[in-house]
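Colleague: I would like to learn how to read a few features of a protein model. Please take them one at a time.

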Amino acid sequence: MYDDKELQEYRDLLKTPTKFEEGFDWKTVVGAIFIGFLMMPGSMYLQLVIGQGIGPAARWVTIILFAEIAKRSYTELKQQEIFLLYYMAGAALASPFSGLLWQQYLVQSDAARMLGLTEFIPAWVAPQPGSESLIERTFFHRDWLIPILLLVGAQIVQRIDHFGLGYALYRITSDVEKLPFPMAPVGALGTMALAESTEEKQASWKWRVFSVGGVIGLAFGAVYVLLPAVSGLLFTEPIRLIPIPWVELTPYTEKVLPAVATGIQFDLGLFFIGMVLPFWAVIGGLIGIIITFAANPVLYEHGILHRWHPGMETVETVFANNFDFYMSFSIGLGLAIGLIGIYYVIKSFRGEHAKSRESWSKLFEPPEGRGDINFWVSIAIYVFSTLAYVGMSLLLVPNFPWIFFLLYGFIYTPIISYITARMEGIAGQFVSLPLVREASFIAGAKFFGYQGIEIWYAPIPIHNYGEATVHFREIELTGTSIRGIIKAELVVFPVVMIASLLFSQFIWQLAPIPSSNYPYAQELWHLQALNTLLMQTSTLEGNSLFFQALSGPVVMGGISLGLVLYAILNALGLPVLLVYGVVRGLGQSTPHGFILEVTGALIGRYFFQKKYGAMWRQYAPVLLAGFSCGMGLTGMFAMGCTLILKSLGKMAY
């Protein structure tokens, strides 16, 4: 596992710097306001329309704009200043209040009515149907006061928590255990590309590659996003030369491939993502999907996928198959991957990474200038935030056994977080154990008499902080001081909260969500609601639909297949990332985007990598960043046209 050549290529992309700077100044403050009030609404709008927010594009657009302003002010942006803008954009695009748009839909959804759960959704999640706030589509109503206050409180704790256990594990796995974190350089390279672009010397290859991606993104975004948005304002129906979110083929292939969801997604971003993702992970995903395509007709013929019937499209097919088989099977596969991760973490203590371990004194002797927090302070932050989550959960769900909250926060969370931190540090892989949270809820209902669904919405302290170690490693690789990150958090938080609430309200006022104005939400939110609410029936009285869907033998079959598959591939000496890819493909998600993703992976490996050699590993993420930037610019322009013209249409003259 440790000698995997592909992982080694990622490890060697960047070396750890010896000098660190905060990078926090007036540019950072202005950047936070710019991101919150100009980038966030565009991202929220695109998420509802095409299923993907601006993502990295908001970061790149912000950085490019500030870099150009800096040049005209006879100054330049340092690498650390650029990374802080990049970091804040990521925090802003989380858009916490957009979750309320989902909650207002969920409580009014056909799925909730069909499953008989509408009345059980608590008022501190969303007002019940019939509330004036839902009829008028406004968050500025007393019925939303408690949900908004809870959201703000949870967000405050979450931002403080960011410097708790995740940071402590970063210090252990990076400073003491000296793990390589192979995927961290990929995240750091984009900001370094733009840092070089602000220098007065001749433009580097990174800036040229970024510009090529940007032009492609602008051209594709004009057709994919801008044309439908503008034509929808001018004509009764929008002109869509490229279908959003995909071309539906399931009704045309059902005779040849019964119970198989088929279609093609034409989002060119998937092509560039395929170039960036590890090649064998993509190929593994393709193998998993091919196996699924072959297995579903057999499962249908044997009556296992019995809820599927001819005439179903993608959303109905995926939900029916999940109910009959794939929910249980995916749980088994996930448990298998979790067990494999735990096995390798245990094994790694005796492997080559154990030889590079430093003394534990390194926890208290961090590199000079990196701005580290005292290790014990980070542990205290973790304890405080966990107790805050426990307190909120007890307040909201007083009849659920409190012992579970403590077990979540102080037993399960640190164990799974450390396992994930080591797997991220060694192989760049996230580890999760599916159904732990759900199983504990069911146990609370079965053995302690809890009945209801409030627990599913409570901010319980069950987290996996392992992934945060990668983000701190990225911060280190860019030479940014932790003190600068803390200051950025203090500035960006109030901006994000205010902007997110205002623009969630504004977008909801324009049209019901979901509706034809937001095609992605209209197409997929129903499936997401069905899957979400199906699980919640498990803590109600009676024979819930969840227990009808859950099959112990199928779960065990998934575990067995995952372990056997891994053993075979490992024995054959195939790359470790292939295994994770196969499991991803077997998970029975919508497979429509894999064609472009695999095409990107093949062209990247067998054309560009042969042409440019090892440098292609660095070109690909910068090219993707440029494409995202171009797509984001067209998306923001489309969103601006839509919001302005629709707002004018609502004005009384």
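Modeller: Arg137 sits in the loop between α7 (132-135) and α8 (145-161); helices (H or I, at least four residues) and strands (E, at least two) are DSSP runs, numbered from the N terminus. This is a predicted model: local features need pLDDT of at least 70, side-chain atom pairs count only at pLDDT 80 or more, and totals for chains, interfaces and linings use all residues. Residues are numbered from 1 along each chain as its sequence is written, and side-chain values use heavy atoms, with hydrogens and water left out.

Colleague: What is the phi of Arg137?

Modeller: Most residues other than glycine have a negative phi, and most peptide bonds are trans. Arg137 has a positive phi of about 55 degrees, although it is not a glycine. Ala259 also has a positive phi, near 65 degrees. Ala259 lies in the loop between α12 (250-253) and β2 (263-264).

Colleague: Is Ala259 buried or exposed?

Modeller: Buried means under 20% relative accessible area, exposed over 50%, partly exposed in between (1.4 Å probe, protein chains only). Ala259 has a relative accessible area of 0%, so it is buried. Buried residues make up 57% of the 653 residues in the protein.

Colleague: Which residues does a cis peptide bond join?

Modeller: Ile513 and Pro514, with omega about 0 degrees. Pro514 is in the loop between α21 and α22. The loop between α21 (482-510) and α22 (519-536) also holds Ser515. Ser515 counts as buried because its relative accessibility is 12%. A polar atom of the Ser515 side chain lies 2.7 Å from the backbone oxygen of Pro512.

Colleague: What is the volume of the largest pocket?

Modeller: Rolling a probe the size of a water molecule over the atoms shows where empty space is left. On a 1 Å grid over the protein atoms alone, a pocket is an open set of points where a 1.4 Å probe fits, with protein on both sides within 12 Å along at least five of seven lines; lining residues have an atom within 4 Å of a point. The largest pocket has a volume of about 390 Å³. Of the 20 residues that line it, the closest to its centre are Pro228, Pro238, Arg240, Ser516 and Asn517. Helix α11 gives the most to this lining, with 6 residues.

Colleague: Where is confidence lowest?

Modeller: pLDDT is the predictor's confidence in each residue, from 0 to 100. Confidence is lowest in helix α16 (residues 352-355), at a mean of 54, and highest in helix α17 (residues 375-396), at 93. Where pLDDT is low, the predicted coordinates should not be read in detail.

Key. A polar contact is a pair of N or O atoms within 3.5 Å; within protein, one must be able to donate a hydrogen and the other to accept it, and residues adjacent in sequence count only if both atoms are side-chain atoms. Grid points are joined across faces, edges and corners, and a volume is the space filled by probe spheres set on the points.
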